[in-house]
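User: I have a model open and want to learn how to read it. Can you take me through its features one by one?

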Amino acid sequence: MGHTTIVSSDLTTPLNPTTTATATTTMDPSSAAAGKSYWRFTKQDFFPEPTFQNFSTYLSALSKTPHRLKDRLTGRSSDADELVRSKLQSENEMKKCLTWWDLIWLGFGSVVGSGIFSITGQETHNHAGPAIVLSYAVSGLSALLSVFCYTEFAVEIPIAGGSFSYLRVELGDFIAFIAAGNILLEGLVGAAGLGRSWSSYFASIIKSNPDFLRIKIESFAEGFNLLDPLAVLVLLIVNGIAMTGTKRTSMLNWISSIFGVAVIIFIIIFGFVHGETDNLVPFFPYGAEGVFTAAAVVYWSYTGFDMVANMAEEVKKPSRDIPIGLVGSMSLITIVYCLMALALSMMVKYTEVDVNAAYSVVFEKIGMKWAKYLVSIVALKGMTTSMLVGSMGQARYTTQIARAHMIPPYFALVHPKTGTPIYATLLITTGSCILAFFSSLDVLSSVLSFSTLFIFMLMAVALLVRRYYVKDVTPRGDVVKFIASLFVIFGSSLCVTILWSSNYRGWVGYGVSGGLWGLGTLGMGLTSKHRTPAVWGVPLVPLLPSLSIGMNIFLIGSLGAVAIWRFFICSAIMMVYYVLAGVHATYDVAHMNQEQVKLEEGNGDLNKGAL
């Protein structure tokens, strides 16, 4: 028992524990890592859990894998675990330095990248026509519904892990692990893709050849034979800036983003001045099908806000700043996107829109050749800030995963001076640089999947679980009604998606499926809620989360079989790691935390008795 107590202390206090009695509830950055350097590299830093003490303990743990898997399938974290105990693994606090102003511009920097300039022309020409403005509105609404869910969680659990922490609290360790693994993979691939895109765009400005600055190796396989040192250099610089400090990085982001917004306003104003309403006719050349097909594609222009939610731990006043920052930025971005799409549609007939560089070409057509360089600069700026904010968000996501011991807790350490997770950032940087150096954009884009939409859907489910289910409080009858209603919402949303994907256009199928979705939502609405948000909550629950579930399933259905297979194959590979390592580390930590809680409760009872 004596040995177990020592291990418990190692897992529930900082890896470099302080000698103060208050170490379990607060972290003084100046003393948390007393006696040890931040720059260290030992086995205990990577594998402090009992399972990995030696080969015998590991074999013993492997023999108990079925029991541990069952425990983790049903095991859920708590708000206190995420906000207090897990943070102790970082030894030093992240600095609370962000306000709503920072979050709004981080949202712009993360979301408004090159996508609006490259995708709009393609989808206007091929799928939506002038109705591209409605495609952006539909996608913006779907993104805003997800933002609502993230905001409620971020206000109540302002921690670095974002969706990982929220899913871990409401849906359990296993679901959180699958979500985390896929988000980390998409983060690495997305950063590498942005690095390669930056290199291509920059090379195209110098010379009309996107591969101009790459090194071709004939002996390497196709898709991996164009080495891109510029992409690696850009990623190293951007991630290096992100490591120097959160406030400094935020200031650099909002200064550059203000310049980008000024150019976008210029594009919108000149677009309307030189536009003609005749170009908006016909408004629906491809019908409703074209609008929704385009909506599924342009949705990716809205992704990135979840990286901003990962910054919640560093926000000064979460209850005020997070709702304004997240909801405000996404609302403004939706308006900006719709106006930019409308301006393009008014400036040129949809059949004449260039699919590769729509805005640059259209300005050249009206005699403003110099304007195309402004568009190129803003696109490069957008890719740069997307990499910058993405680096910050992914590093904090990785930090929280490491705090949970799903990956080695070494990557949870926060530097005492910068207040940033340098090891986590280096891990993300290394992975993305390797991918960017060797892999072409075609290879990288084929790896991207529906993980983001899948996470957004799970977040809506987690919000409903949080409102309607409280362990040992919710009556069994309410649990049954909640699960039944959720099943109907899922089933009816899936039916609509299948009907649309199979090109069925009869009103009967959609009417029945839509009616069932409404009944499921109504049934849940008539079920008693057992938790009320303390500060800020999503309005119109369960309607808005239910709508978010339906829209995300619909958008997932448009991505094709390749993305679905990629998701399941990657998840299967991640499961191998989870069975061999992740489940054992998290099992150890969870049960040591339970012992710690019982010990604290026992001490509290003793203190009451003494009084």
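**Reading charge pairs, core and helices**

Analyst: Start with one side chain. Lys 481 is partly exposed, with a relative accessible area of 42%. Keep in mind that this is a predicted model.

User: Which residue forms a salt bridge with Lys 481?

Analyst: The general idea comes first. Side chains of opposite charge can pair when their charged atoms come close. Here the partner is Asp 478, and the closest N and O atoms are 3.6 Å apart. Asp 478 counts as buried, at 11% relative accessibility.

User: How are Lys 481 and Asp 478 placed in helix α21?

Analyst: An α-helix has 3.6 residues a turn, so residues three or four places apart point the same way. Lys 481 and Asp 478 are 3 residues apart in helix α21 (residues 476–501), so about one helical turn separates them.

User: How many salt bridges does the structure hold?

Analyst: The count is 21. Take the one between Arg 72 and Asp 173, at 2.8 Å from N to O. This pair links distant parts of the chain: Arg 72 lies in helix α4 (residues 65–74) and Asp 173 in helix α10, 101 residues apart. Arg 72 counts as buried because its relative accessibility is 5%, below the 20% cut-off. Asp 173 is buried too, with a relative accessible area of 1%.

User: Now the nonpolar core. Which residues touch the most other members?

Analyst: In soluble globular proteins, nonpolar side chains tend to be buried together. The largest nonpolar core in this model has 147 residues, and Phe 117, Tyr 136, Phe 363 and Ile 549 touch the most other members. Helix α20 (residues 451–468) gives the most to this core, with 14 residues. Of the 18 residues in α20, 18 are buried. The helix reaches 26 Å from its first C-alpha to its last, close to the 26 Å expected at 1.5 Å a residue.

User: What is Phe 117 in contact with, leaving aside its neighbours within four places in sequence?

Analyst: Its contacts are Ile 267, Met 340, Ala 358, Tyr 359, Val 375, Val 378 and Ala 379.

User: How do I check the length of a helix such as α11?

Analyst: At 1.5 Å a residue, the 16 residues of helix α11 (residues 229–244) should span 22 Å. The end C-alpha atoms are 23 Å apart, which agrees. Just after α11, Gly 245 takes a positive phi of about 155°.

User: What covers the buried residues of α11?

Analyst: The cover includes α10 (173–206), α12 (246–274), α17 (371–403) and α18 (422–438). Among the buried residues of α11 are Leu 230, Val 234, Leu 235 and Val 238.

User: Is Trp 507 buried or exposed?

Analyst: Trp 507 is exposed, because its relative accessible area is 70%, above the 50% cut-off. This residue is found in helix α22 (residues 507–525).

How values were computed: Residues numbered from 1 in each chain as written. Predicted model: local features only at pLDDT ≥ 70, side-chain atom pairs only at ≥ 80, totals over all residues. Heavy atoms only, no water. Core = buried A, V, L, I, M, F, W, Y, C linked by side-chain atoms within 4.5 Å. Buried < 20%, exposed > 50% of the residue type's maximum accessible area, 1.4 Å probe, protein only. Helix = DSSP H or I, 4+ residues; strand = E, 2+ residues; numbered from the N terminus. Contact = heavy atoms within 4.5 Å. Expected span 1.5 Å × (residues − 1). Salt bridge = Lys/Arg side-chain N within 4 Å of Asp/Glu carboxyl O.
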